[in-house]
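Dear colleague,

I am handing over the structure below, together with notes on what was found in it. Please read the notes beside the coordinates, and check them against your own tools where you can.

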Amino acid sequence: MTTELPSIPAGTPEAGLYIVATPIGNLGDMTLRAIAVLRAAGVVACEDTRVTGKLLKHFGIKARLQRLDDHAPPEVRARVIETARHEVVALVSDAGTPVISDPGYRLVREARAAGVTVTSVPGACAAISALAMAGLPSDRFLFAGFLPVKDKARSDTLAALAGVEATLVFYETAPRLEKSLRAIADLWPIREVAVARELTKLHEECRTGTAAALADHYSAHPPKGEIVLVVGPPAADETPEADPDALLRAALADAGPGKAAGQVAKATGLDRGTLYARALELKGE
Ligand code: SAM
């Protein structure tokens, strides 16, 4: 039995600004509606004309490309918005959903303020794919973009998120993954973490565990490619009233007594020396 593939929607979409998601690695994730809108577009506003040019060529689409990132002068955005009053204007980024850790927020805001119709053509988004694959609670999540590069700023950013009762989603780069995992391990030794790498591509993987265990893994196997880091919500026993024995036992799974005591002291504010003595006892049990 053969199944007929759905066809690309016919007819010309109405004038306006269309926020068009494109694949994050697998061209099969291009949607039919994205193709229809890009075909109809008078202008395609994009981050990098070479990247978008290649994508459009793959789908046999010819369009006028306009480079438009968040540093574009206001006149360029104003011109694009004027065009969107009487033509289809598509906004794309290099990959995934525009505006999500990608340029476009100003254009969308100004288009709305100008009374131009703004429409979304949804599709791939690495954060959402990673969240869906991680096996962590997804009823409440907070997307926090990229963590800062500098150690102190990264730890401060994480500490500021400590009380958020939701799964946390970060974009990450391969060279910085281990450092971020170590910072997460210091703060939240027992939270579940997922590293989603190369989503939709040949070497896709989603690895879960404590941050310390994942850091050890990626220290031994340096990662390549694109990465989303997903951190589970605060565990019930992570609060200051937590059972220190349970925290120490969890930390001792990945670390020696000294390190485990340090991690739990940091997470709970309890005395490190007392925790160390208890960690030695637990280790000997
Ligand atoms: N707007 C895009 C989206 O909707 O996913 C995100 C753009 S942001 C500049 C790029 C980051 O997204 C990468 O550094 C990585 O953290 C994440 N990312 C993009 N594609 C990915 C993929 N195929 N697998 C894992 N992470 C990916």
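With which residue does Lys 201 form a salt bridge? The partner is Glu 198, and the closest N and O atoms of the two are 3.2 Å apart. Before the rest, two notes on conventions. This is a predicted model, in which local features need pLDDT of at least 70 and side-chain atom pairs count only at pLDDT 80 or more, while totals for chains, interfaces and linings use all residues. Residues are numbered from 1 along each chain as its sequence is written, and side-chain values use heavy atoms, with hydrogens and water left out.

**Salt bridges**

A salt bridge is taken here as a side-chain nitrogen of Lys or Arg within 4 Å of a carboxyl oxygen of Asp or Glu, and by this rule the count comes to 15 salt bridges. In the pair already named, Lys 201 is partly exposed at 26% relative accessibility, whereas Glu 198 is buried at 15% (buried means under 20% relative accessible area, exposed over 50%, and partly exposed in between, with a 1.4 Å probe and protein chains only). Salt bridges that share partners also join Asp 151, Arg 154 and Lys 179 into one network.

Arg 67 and Asp 69 are joined by a salt bridge between their side chains, with an N to O distance of 3.1 Å, and Asp 69 is buried, its relative accessible area being 16%. Arg 182 and Glu 178 likewise meet through their side chains in a salt bridge of 3.1 Å, N to O. These two residues lie four residues apart in helix 7 (residues 177-187), so about one helical turn separates them (helices are DSSP runs of H or I with at least four residues, strands are runs of E with at least two, and both are numbered from the N terminus). Arg 182 is partly exposed, with a relative accessible area of 26%, and Glu 178 is partly exposed at 28%.

**Backbone**

**Helix packing**

In helix 5 (residues 126-134), the buried residues are Ala 126, Ala 127, Ala 130, Leu 131 and Ala 134. They cover an arc of only 130° around the axis, so they are on the same side of helix 5 (the arc is that of the directions from the helix axis to the C-beta atoms). These buried residues pack against strand 6 (141-146), strand 7 (167-173), strand 8, strand 9 and strand 10 (226-231), where contact means heavy atoms within 4.5 Å. Gly 135 follows helix 5 and has a positive phi, near 70°.

Helix 6 (residues 151-160) and helix 7 pack at an angle of about 45°, with their axes 10 Å apart (axes are lines fitted to C-alpha atoms, for helices over the stretch in contact, and angles run from 0 to 180 degrees between N-to-C directions). Asp 151, Arg 154, Leu 158 and Ala 159 in helix 6 meet Lys 179, Ser 180, Ala 183, Ile 184 and Leu 187 in helix 7.

With regards
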